[in-house]
Amino acid sequence: MKFVLLTFFAFQLVCSFPVIGQEVETQSLKDTYYRWIKAWNEKDATTVAEIAWGTYGFGRDAAFLRKGATDKESYQKGIQGYMDSMVGISYAEHFSNFRIIDGVGFIDGYYEQTTQQLNGPKRTVYGRHSLVFLKKNGEWHLTHYHRSPIPSEFVR
């Protein structure tokens with residue numbers, strides 16, 4: 001009987017490894033995503049560039065840079081310039097789904113972003129976003145970011 005129970009528990013343990021591994025991967029993706037949001041809210045261009053540049057090239061044609069950046073330093077300077085043009089930046093997640101499929105991290109959900117340019121009005125936009133992350137050298141890097149504003153008649 002002890003042998004049967006030991007075999008059963010050993011089988012359960014072995015079968016749980018993929019689930020545990022997936023939970024660890026998903027948590028590391030979440031941690032990177034929330035670190036990226038925190039970096040935007042704290043105007044930390046270095047961390048944004050570290051997460052969003054990688055070797056995959058996200059940001060080389062980012063709209064807010066107004067021109068393509070060919071290296072991480074230029075990209076970081078473009079982000080810093082954007083951040084410096086703002087009195088405030090606030091990005092809040094309302095709901096997100098996190099999935100990892102074949103080593104690719106997918107996040108989609110809803111957000112609220114409030115910005116105010118120097119000498120400009122404060123604006124709050126509600127929207128839906130989707131992000132794609134790839135892992136390189138054990139670190140998640142943002143490779144694609146898309147957002148779509150939700151029309152005001154659907155907000156609240």
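At what angle do helix H2 and H3 pack, and how far apart are their axes? In this predicted model, H2 (residues 45-53) packs against H3 at about 130°, and the two axes are 9 Å apart. That makes H2 oblique to H3. The points below cover this helix pair and the salt bridges.

**Helices H2 and H3**
- The H2–H3 crossing is right-handed.
- On the H2 side the contact involves Ala45, Thr46, Val48, Ala49, Glu50, Ala52 and Trp53, which meet Lys72, Tyr75, Gln76, Ile79, Gln80 and Met83 of H3.
- By class, this contact has 8 nonpolar, 3 polar and 2 charged residues.

**Tyr75**
- Tyr75 is part of helix H3, which spans residues 72-84.
- With a relative accessible area of 1%, Tyr75 is buried, because buried means under 20%.
- Tyr75 and Ala49 are 26 residues apart in sequence, and their C-alpha atoms are 6.8 Å apart in space.

**Salt bridges**
- The whole structure has 4 salt bridges.
- One of them joins the side chains of Glu25 and Lys135, at 2.8 Å from N to O. This pair links distant parts of the chain, with Glu25 in helix H1 (residues 2-41) and Lys135 in strand E3 (residues 122-136), 110 residues apart.
- Glu25 is partly exposed at 25% relative accessible area, and Lys135 is partly exposed at 30%.
- Lys38 and Glu42 form a salt bridge with their closest N and O atoms 4.0 Å apart; Lys38 is partly exposed at 48%.

**Salt-bridge network**
- Arg99, Asp108 and Arg128 are linked in a network of salt bridges.
- Within it, the side chains of Arg128 and Asp108 meet at 3.0 Å, N to O. Arg128 lies in strand E3 and Asp108 in strand E2 (residues 104-117), 20 residues apart.
- Asp108 is buried at 12% relative accessible area, whereas Arg128 is partly exposed at 35%.

How values were computed:
Residues are numbered from 1 along each chain as its sequence is written. This is a predicted model: local features need pLDDT of at least 70, side-chain atom pairs count only at pLDDT 80 or more; totals for chains, interfaces and linings use all residues. Side-chain values use heavy atoms; hydrogens and water are left out. Helices (H or I, at least four residues) and strands (E, at least two) are DSSP runs, numbered from the N terminus. Buried means under 20% relative accessible area, exposed over 50%, partly exposed in between (1.4 Å probe, protein chains only). Axes are lines fitted to C-alpha atoms, for helices over the stretch in contact, and angles run from 0 to 180 degrees between N-to-C directions. Angles under 35 degrees count as roughly parallel, over 145 as roughly antiparallel, 65 to 115 as roughly perpendicular and the rest as oblique. A crossing is left-handed if the near helix is turned anticlockwise from the far one by less than a right angle, and right-handed if clockwise. Contact means heavy atoms within 4.5 Å. Ala, Val, Leu, Ile, Met, Phe, Trp, Tyr, Cys and Pro count as nonpolar, Asp, Glu, Lys and Arg as charged, and the others, Gly among them, as polar.
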